[in-house]
Amino acid sequence: MKRFSSVLFFADGSSEPSAALARAFTLAQDNIATLTIADVVEPFSTPTEVTSHLAFDLEDTLLQRCKEQLDRLAKGADPRGLEVMTRVYSGVGFIEIIRAVQHEGFVLVVKPGRGAQGLTDRLFGSTDMPR
């Protein structure tokens, strides 16, 4: 049974293995699909007062740390024929994931759910997208 050829797991800021990640691994293995573990870092501007005192680019460092976290998650995969890649996108989370699906042809997106983050979410639920 091969319904999915490529699976995208959106870590959504999580650096710990989750049930959703385990499910993405299983789906990719069962469908002999590629698995890409991705996250999105929102761009930010660092004041020049700060950057002038640093010998490195803060945003590049953040992107590199995110990539390292995703690589650690990918190492948790069972290596039996499963091709696992990692990607870090820069932008607004859900928009960049939609773009990745459109441009890179992912067939299935898996992401962990977010817990309720405020009273409104607890009462009315969440769309799991930023306001």
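1. Start with Phe9. Leaving aside neighbours within four places in sequence, Phe9 is in contact with Ser18, Ala20, Leu21, Ala24, Leu35, Thr36, Ile37, Ala38, Val110, Lys111 and Pro112 (contact means heavy atoms within 4.5 Å). Bear in mind that this is a predicted model, where local features need pLDDT of at least 70, side-chain atom pairs count only at pLDDT 80 or more, and totals for chains, interfaces and linings use all residues. Residues are numbered from 1 along each chain as its sequence is written, and side-chain values use heavy atoms, with hydrogens and water left out.

2. Phe9 also turns up in the core listing. The largest nonpolar core has 21 residues, and Val7, Phe9, Leu35, Ile37 and Val110 have the most contacts inside it. Two or more residues each come from β1 (6–10), α1 (19–30), β2 (34–41), α3 (58–75) and β4 (108–110), with α1 giving the most, 6 residues. For the record, a nonpolar core here is a set of buried Ala, Val, Leu, Ile, Met, Phe, Trp, Tyr and Cys residues joined through side-chain atoms within 4.5 Å; buried means under 20% relative accessible area, exposed over 50%, and partly exposed in between, with a 1.4 Å probe and protein chains only. As general background, nonpolar side chains in soluble globular proteins tend to be buried together.

3. Now the overall layout. The protein chain has 5 helices and 4 strands, and from the N terminus on the elements run β-α-β-α-α-β-α-β-α. Helices (H or I, at least four residues) and strands (E, at least two) are DSSP runs, numbered from the N terminus. Among contacts between residues at least 6 apart in sequence, 74% join residues at least 24 apart.

4. The sheet is open, with 4 strands in the order β3-β2-β1-β4 and parallel pairing (two strands pair if DSSP finds at least two bridges between them). At the edges sit β3 (84–90) and β4, each pairing on one side only. From one strand to the next the twist averages 25 degrees.

5. A closer look at β2: 7 of its 8 residues are buried, so the strand is mostly covered. It pairs in the parallel sense with β3 over 7 bridges, where Leu35 of the core has Val84 as its bridge partner. The parallel pairing of β1 and β2 runs over 5 bridges, and there Phe10 has Ala38 in β2 as its bridge partner.

6. On the helices, α1 lies across β1, β2, β3 and β4, running at about 145 degrees to β2. Helix α3 packs on the sheet too, touching β2 and β3, and its direction makes about 155 degrees with that of β3. The axes are lines fitted to C-alpha atoms, for helices over the stretch in contact, and angles run from 0 to 180 degrees between N-to-C directions.

7. Ala28 is worth a click. This residue of helix α1 counts as buried, at 0% relative accessibility. Not counting residues up to four places away in sequence, Ala28 touches Val7, Ala33, Thr34, Leu35 and Leu82. The C-alpha atoms of Ala28 and Val84 are separated by 9.2 Å, with the two residues 56 apart along the chain.

8. Two polar residues deserve a look as well. Asp39, in strand β2, is buried with a relative accessible area of 5%. A polar atom of its side chain lies 2.9 Å from the backbone nitrogen of Gly13. Beyond neighbours within four places in sequence, Asp39 is in contact with Phe10, Ala11, Asp12, Gly13, Ser14, Cys66, Leu70, Arg87, Val88 and Tyr89.

9. The other is Asn31, in the loop between α1 and β2 and buried, with a relative accessible area of 1%. Its side chain reaches the backbone nitrogen of Arg3 at 2.8 Å, and the backbone nitrogen of Phe4 lies 3.5 Å from a polar atom of the Asn31 side chain.

10. Last, the surface. Buried residues make up 31% of the 131 residues in the protein chain. The accessible surface comes to about 8400 Å², of which 55% belongs to carbon and sulfur atoms; these areas come from the Shrake-Rupley method with a 1.4 Å probe, and for residues only the protein chains shown count as cover.

Terms used: Polar contact = N/O pair within 3.5 Å; in protein donor to acceptor, adjacent residues only side chain to side chain.
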